[in-house]
Amino acid sequence: MCLHWHRRTNKKEIFMEKSPALNRKRINAFAALAKTATIAPPINFYSSTIRAGAEYIFEDMYPPLKAPGTIDFFFFAMVHNYGFWLDDRTRYTSPLYGKWNGNSGVKGSDLLWKMLHAAWRKDSECFSPPRLARISDAEFATIFSDDDGPVSLFNTEHRIAQTRDYGKWFRTRRMAGQSPDELVQYASEYSDPVGALQEVLTHPENGIPGYHEDPLGKKAELLLMALVNRPDKLLRKNAETVSRPIVDYHDMRLTLRMGHVTLPKAWREENRERRFTSREREDSIRKATYRADTLLVKQSGRTRDEIDTLKWSARIFCPEMMVPNCNACPMKKVCAQNTQLFQPIVRTTFY
């Protein structure tokens, strides 16, 4: 519950604002579907299986297998894997698009991967901590550029400062290693390498800048997913490994539309109109989504990655700017089809 003070005739009255609620009936129905559903392999940050089992390699987005600078690349990429949308200072207006090799429709994280891969291809050491600790504004702008030049969303003082803080962290945390490669090697000495690296990344006081600020660890979990799922197996998981839900704005939008989380009536108009909300409301919605996803994993018996992949696939039918195509969606029967709902709108570095 959120407490608010309301002033009226010099008197303070306390009223309670309801919080988002889990709809366990909807969650259980989705979990039952997921239990027997055919789910595509989780994203492996290298390739995808296409027709007739052929493999399509994303040569312009991710480094080749066992290439130098690969771990540096992923550590840095995930620090900046957030905020791919535009606003008019009052509400959400559209996803972020950039122009790449003449294609003006390159969206969000796809644009990020292409820009960073182009920089890595020119210099595989460009994302090493020593280089990032002293990166200039001009160098940063060059990295985050598309066909038309620097992408304005990325070229911000905060991102540059966070990049430098990230680079400097490895110069001061000597016990864990002075590079992402050494840090991964350090974690690999533990019985649960994923858990060990997760703890270093997200420690609230001593964790890595760009990762430790988020209490739900979205970017850390995405990094761990990449390191584990890559075909070159950059990090080992085992029976002890616990993977946490990856709660970003796509996940929250789908969770609300599917009815897994129900918003208080007073919040719905703001959400449907895609207006900026308070950090308190955003935090409540995000934590409720986290709990709903945790229940989905438990009730379905599927892994975090499988549930993430299944929900991610729904984005094809339930995008941000077009009317959802519910009739084509395989999840239609277990979805509330609250198609007017949206993710909470707040500017954050978390996702």
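I note that the model is predicted. I placed I57 in strand β5, residues 55–57. Setting aside neighbours within four places in sequence, I recorded contacts of I57 with Y46 and S47. I also looked up the separation of I57 from L254, which is 197 residues apart from I57 along the chain. Their C-alpha atoms are separated by 28 Å.

**Core**

I turned next to the largest nonpolar core, which holds 94 residues. Which members touch the most other members? I noted F75, F127, L197 and Y211. I then listed the contacts of F75, again leaving aside neighbours within four places in sequence. Among them are Y166, F170, P180, L183 and V184. The list for F75 also includes L197 and Y211, both named above among the core members that touch the most others.

**Helix pair**

I examined helix α10 (residues 249–258) and helix α12 (residues 279–300). They pack at an angle of about 75 degrees, and their axes are 10 Å apart. An angle of 65 to 115 degrees counts as roughly perpendicular, and α10 and α12 are therefore roughly perpendicular to each other. On the α10 side I recorded D251, M252, T255 and L256 in the contact. On the α12 side I recorded I285, R286, T289, A292 and D293. By class, I noted 4 nonpolar, 2 polar and 3 charged residues in this contact.

**Cysteines**

How many disulfides does a search of the whole structure find? The search gave 0. I checked C318, for which the nearest cysteine sulfur is that of C326, 6.3 Å away. A disulfide requires sulfur atoms within 2.5 Å, and C318 is in no disulfide. C318 counts as buried, at 12% relative accessibility. I then checked C335, which is likewise in no disulfide; the nearest cysteine sulfur, again that of C326, is 6.1 Å away. C335 is buried too, with a relative accessible area of 18%.

**Positive phi**

I looked up two arginines with positive phi. R89 has phi near 75 degrees and lies in the loop between β6 (85–87) and β7 (92–95). R274 has phi near 60 degrees and is placed in the loop between α11 (265–272) and α12. Is each buried or exposed? I found R89 exposed, at 79% relative accessibility, whereas R274 is buried, at 18%.

Definitions and conventions
Residues are numbered from 1 along each chain as its sequence is written. This is a predicted model: local features need pLDDT of at least 70, side-chain atom pairs count only at pLDDT 80 or more; totals for chains, interfaces and linings use all residues. Side-chain values use heavy atoms; hydrogens and water are left out. Axes are lines fitted to C-alpha atoms, for helices over the stretch in contact, and angles run from 0 to 180 degrees between N-to-C directions. Helices (H or I, at least four residues) and strands (E, at least two) are DSSP runs, numbered from the N terminus. Angles under 35 degrees count as roughly parallel, over 145 as roughly antiparallel, 65 to 115 as roughly perpendicular and the rest as oblique. Contact means heavy atoms within 4.5 Å. Ala, Val, Leu, Ile, Met, Phe, Trp, Tyr, Cys and Pro count as nonpolar, Asp, Glu, Lys and Arg as charged, and the others, Gly among them, as polar. A nonpolar core is a set of buried Ala, Val, Leu, Ile, Met, Phe, Trp, Tyr and Cys residues joined through side-chain atoms within 4.5 Å. Buried means under 20% relative accessible area, exposed over 50%, partly exposed in between (1.4 Å probe, protein chains only).
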